[in-house]
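Work through the two exercises below with the sequence and the model side by side, and try each task before you read its solution.

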Amino acid sequence: MTIIVNGRPVTCASDLTVAAALVDAGVNAFRKSVTGEARGPVCGMGICYECRVTIDDVPHRRACLVTVEEGMRVSTGGLR
């Protein structure tokens, strides 16, 4: 299946979480902290909130808890 990550198509398996699909695509920084540091997934189970991204225009979604869907649009705030 294909999702759109920061405006570019990314092919991934249909049973992955958004976090796994992003890491597989080489995206390690999902957001910036309030002090500007790059942040990415830590716990992988929704406790740490470090994997927050915008999914289909809904901000602050925890990427480790959302399964990819065809055509889903994911934004990491311009981070790669």
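**Exercise 1.** Work out the order of the strands in the open sheet, and find which strands stand at its edges.

*Solution.* The open sheet has 5 strands in the order β2-β1-β7-β5-β6, with mixed pairing; strands are DSSP runs of E of at least two residues, numbered from the N terminus, and two of them pair if DSSP finds at least two bridges between them. β2 (8–11) and β6 (58–62) each have a single partner strand, so one side of each lacks a neighbour in the sheet. This is a predicted model, in which local features need pLDDT of at least 70 and side-chain atom pairs count only at pLDDT 80 or more, while totals for chains, interfaces and linings use all residues. Residues are numbered from 1 along each chain as its sequence is written, and side-chain values use heavy atoms, leaving out hydrogens and water.

Next, take the pairings in turn. β1 and β2 run antiparallel, joined by 4 bridges, and V5 stands opposite R8 in β2. β1 pairs with β7 in the parallel sense over 2 bridges, with I4 opposite R73. β7 and β5 run antiparallel, joined by 2 bridges, and here I55 faces V74.

**Exercise 2.** Decide whether T76 is buried or exposed, and name the residue whose side chain joins that of T76 in a polar contact.

*Solution.* T76 lies in the segment after β7. With a relative accessible area of 3%, T76 is buried (buried means under 20%, exposed over 50%, partly exposed in between, with a 1.4 Å probe and protein chains only). The side chains of T76 and N6 are joined by a polar contact of 2.8 Å (a pair of N or O atoms within 3.5 Å; within protein, one must be able to donate a hydrogen and the other to accept it, and residues adjacent in sequence count only if both atoms are side-chain atoms). N6 itself is in the turn of the hairpin formed by β1 and β2, and has a positive phi of about 50°.
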